Amino acid sequence: MDSCVRPEALPSLPAWEPVAGLYIVATPIGNLGDITLRALAVLQGAALIACEDTRVTGKLLKHYGLKARLQRLDDHASPETRARVIDEARVSPVVLVSDAGTPLISDPGYRLVREARAAGVTVTSIPGPCAAVSALAMAGLPSDRFLFAGFLPVKDKARLETLEGLAGVAGTLVFYETAPRLERSLLAIAELWPMREVAVARELTKLHEECRTGTAAALAAHYAAHPPKGEIVLLIGPAGEDEAPVRDTDALLRAALAEAGPGKAAGLVAKATGIDRAALYARALELKGE
Ligand code: SAM
């Protein structure tokens, strides 16, 4: 979407009396139509927009016929730069945006928000696109409980250790991923959790959007044959009833089985570890039969 939106073609923006403070504004993750009217009103009224890359934000503003003073503010910004932005937010509306999506979600902004709050500056979040949430909404994996864990480590050993550390999470795991690393991550998941349902959500809100689900091994085979392009969210469903619990939990289950029946033992260990109770119950029955 390269053409500009004529300001008169926009629906009327909500009335917004510019008020001093720091505004965290979500911007599109691909489709420029995905921006709220409130976000546009706040961008229009901002005295200063702090952004990761002035060229990227400049293009977004141009698309909507908006003009503003831009200030680069990324993870390498000095404490003095943040302090200047915070000082300005005491007296005028200052916006923080990232290149795409919701600032602070695998994007800069954490220090700025923390320091602004500590300085007594009002911080307001103007919600909108976030790739992790969009992927979760469309993948068909359990969404009542999920853990967003940013990017997986690049090195094989560290990646495996990170995944192992998340084995006990009783919810869907959500990661940001890059196209060149997707296959190796899927192979690592296949090794650890061959039965779990995995989803790859790619190019969300863009022309070639896709969301593919299956076991990690099947998805690794697919992407080996069709190398992926673009931006990716990788999701791993929680342990199913048929997944053998991680080995250390056997010791906990045995100890609990010495005192109680399989149901109660599974309940106790589930409470202690956060592991799915049904999977523990199945394992408790196996251990009792040994
Ligand atoms: N703050 C952003 C958000 O709210 O989603 C995320 C920024 S993070 C630096 C960039 C990563 O987000 C990409 O590498 C990709 O994993 C994911 N991402 C961003 N846009 C995406 C899209 N349109 N489709 C799939 N994943 C996307």
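In this predicted model, the cover over the buried residues of helix α4 includes β1 (21-25), α3 (79-91), β4 (93-96) and β5 (123-126). The residues so covered in α4, which spans residues 110-118, are L112, V113 and A116; viewed down the helix axis they fall within an arc of 95°, so they line one face of α4. An α-helix has 3.6 residues a turn, so residues three or four places apart point the same way. On the other side of α4 stand Y110, R114 and A118, which are exposed, and the helix is followed by G120, whose phi is positive, near 85°.

A separate topic is the open sheet of 5 strands, whose order is β6-β7-β10-β8-β9 and whose pairing is mixed. Because β6 (146-151) and β9 (210-214) stand at the edges with a single partner strand each, one side of each is left without a neighbour in the sheet. On average, and with direction ignored, neighbouring strands of this sheet are turned by 20° against each other. Strand β8 (residues 198-202) pairs with β9 in the antiparallel sense over 5 bridges, and A199 stands opposite T213 in β9.

| Helix | Strands involved | Angle |
|---|---|---|
| α5 (residues 131-139) | lies across β6, β7 (172-178), β8, β9 and β10 (231-236) | about 55° to β10 |
| α7 (residues 179-192) | touches β7, β8 and β10 | about 145° with the direction of β7 |

Terms used
Residues numbered from 1 in each chain as written. Predicted model: local features only at pLDDT ≥ 70, side-chain atom pairs only at ≥ 80, totals over all residues. Heavy atoms only, no water. Buried < 20%, exposed > 50% of the residue type's maximum accessible area, 1.4 Å probe, protein only. Helix = DSSP H or I, 4+ residues; strand = E, 2+ residues; numbered from the N terminus. Arc of directions from axis to C-beta. Contact = heavy atoms within 4.5 Å. Pairing = 2+ DSSP bridges. Axes fitted to C-alpha atoms, helices over the stretch in contact; angles between N-to-C directions.
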